[in-house]
Amino acid sequence: MREIGSIKLLQIQRSSLKLGECLHTYYDPAPLLVVQCLLLSSGGVIGLTEDQQEIMDLHHSDHPLTHNNGKNGVSVGFTTHYQAMREQYGAHLSDGIAGENILVATERAFALADLGRQVVIENQQTSQRAYLSVVKAASPCVEFTHFAVNRGLSLSAAELKAALQFLDGGRRGFYMRAAERDVPVAIQVGDRVFIDDGE
C-alpha cells in the first residue's frame, strides 16, 4: 500500500443539494453538515456530531428518503481537485462544497485509474482500517456546474459542455463502497489514507 494523504474534512448530506422544480433547479450546499467522525458501513455513512448524535447521510441505503443507487454510498474527494476548480472558476468553491463525505488532503490529482484496487483509511487512534472499493467517478450535474462557473444561467450550450467536461473524470470526486463488516468502522479528521494496488 502507498500513503497518499490524510483526511481533512468529513461531512454528510442531510437532504438533496438540488432544489427547485422542473426546469428551474439549482444547487444549494446548505444541507451539508461537517461532522467530527464518520461511521462507514456497506450501506453508506453516518455522521457523528460533537454531542455524539448520529445523522444518516441521504445516500445511506437505510435512509428513509435514500438516494442510494447501489454505487454511491460513500463519496471521496481530494484537495488538489478543489485547487484546480478554484483556479478555473473562483474562490467560492471552498473545500467540500461539492458534497463528498470524505475530503483527502494530498499533493496530487487522481483519475479513476490512479486509485488502484481500493482505498484504505486507517484510524489514527485505534489502527482499525476501513476498506473502500472504488466504484466510479462522480459525474457533475448541470446544477453544480452552473454553481461552479458562478454566472447564473448565462452559460451557452458550448460553455456548459466545456464546464461539464472540466468537472468530470473525478475532479468532483469518486463514489466508493465500504467493505461488509459486522460493525461500522469509525474514521476521523487526520486519519491516514492509502491506495491498495493489489500487488
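In what order do the four strands of the open sheet lie, and with what pairing? The legends below begin with that sheet in the predicted model.

**View 1. The open sheet of four strands.** The strands follow the order E7-E6-E5-E13, and their pairing is antiparallel. Strands E7 and E13 form the edges, each of them pairing on one side only. On average, neighbouring strands of this sheet are turned by 30° against each other, direction ignored. In a regular strand, side chains alternate between the two faces of the sheet.

**View 2. Strand E5 and its two partners.** Strand E5 spans residues 37-41, and four of these five residues are buried, so the strand is largely enclosed by the rest of the structure. Strand E6, residues 44-48, runs antiparallel to E5 and is joined to it by five bridges. The two strands E5 and E6 form a hairpin, with two residues between them. Within this pair, Leu39 stands opposite Ile46 of E6, and Leu40 has Val45 of E6 as its bridge partner. Strand E13, residues 185-188, is also antiparallel to E5, and four bridges connect the two.

View 3. Thr49 is located in the loop that links E6 and E7. Its relative accessibility is 14%, and Thr49 therefore counts as buried, the cut-off being under 20%. Apart from neighbours within four places in sequence, Thr49 is in contact with Leu33, Gln36 and Ile55. Gln53 also has its place between E6 and strand E7 (54-56). Gln53 has a relative accessible area of 44% and is therefore partly exposed. When residues up to four places away in sequence are not counted, Gln53 touches Gly47 and Leu48. Gln53 and Asp95 are 42 residues apart along the chain, and their C-alpha atoms are separated by 24 Å.

**View 4. The packing of helix H1 against helix H3.** Helix H1 (residues 79-89) packs with helix H3 (residues 157-167) at an angle of about 160°, and the two axes are 11 Å apart. Because of this angle, H1 is roughly antiparallel to H3, a description that applies over 145 degrees. The crossing in which H1 passes H3 is right-handed. On the H1 side, the contact is made by Ala84, Met85, Gln88 and Tyr89. On the H3 side, Ala163, Phe166 and Leu167 take part. By class, this contact of H1 with H3 comprises six nonpolar residues and one polar residue, with no charged residues.

**View 5. The buried residues of H1 and their cover.** Which residues of H1 are buried? They are Thr79, Thr80, His81, Tyr82, Met85 and Tyr89. Of these, Met85 and Tyr89 also belong to the contact with H3. The cover over the buried residues of H1 includes the strands E1 (2-13), E8 (74-78), E9 (102-106) and E12 (174-178). Helix H2 (142-149) and helix H3 are likewise included in this cover. Just after H1, Gly90 adopts a positive phi of about 125°.

Notes: Residues are numbered from 1 along each chain as its sequence is written. This is a predicted model: local features need pLDDT of at least 70, side-chain atom pairs count only at pLDDT 80 or more; totals for chains, interfaces and linings use all residues. Side-chain values use heavy atoms; hydrogens and water are left out. Axes are lines fitted to C-alpha atoms, for helices over the stretch in contact, and angles run from 0 to 180 degrees between N-to-C directions. Angles under 35 degrees count as roughly parallel, over 145 as roughly antiparallel, 65 to 115 as roughly perpendicular and the rest as oblique. A crossing is left-handed if the near helix is turned anticlockwise from the far one by less than a right angle, and right-handed if clockwise. Contact means heavy atoms within 4.5 Å. Ala, Val, Leu, Ile, Met, Phe, Trp, Tyr, Cys and Pro count as nonpolar, Asp, Glu, Lys and Arg as charged, and the others, Gly among them, as polar. Buried means under 20% relative accessible area, exposed over 50%, partly exposed in between (1.4 Å probe, protein chains only). Two strands pair if DSSP finds at least two bridges between them.
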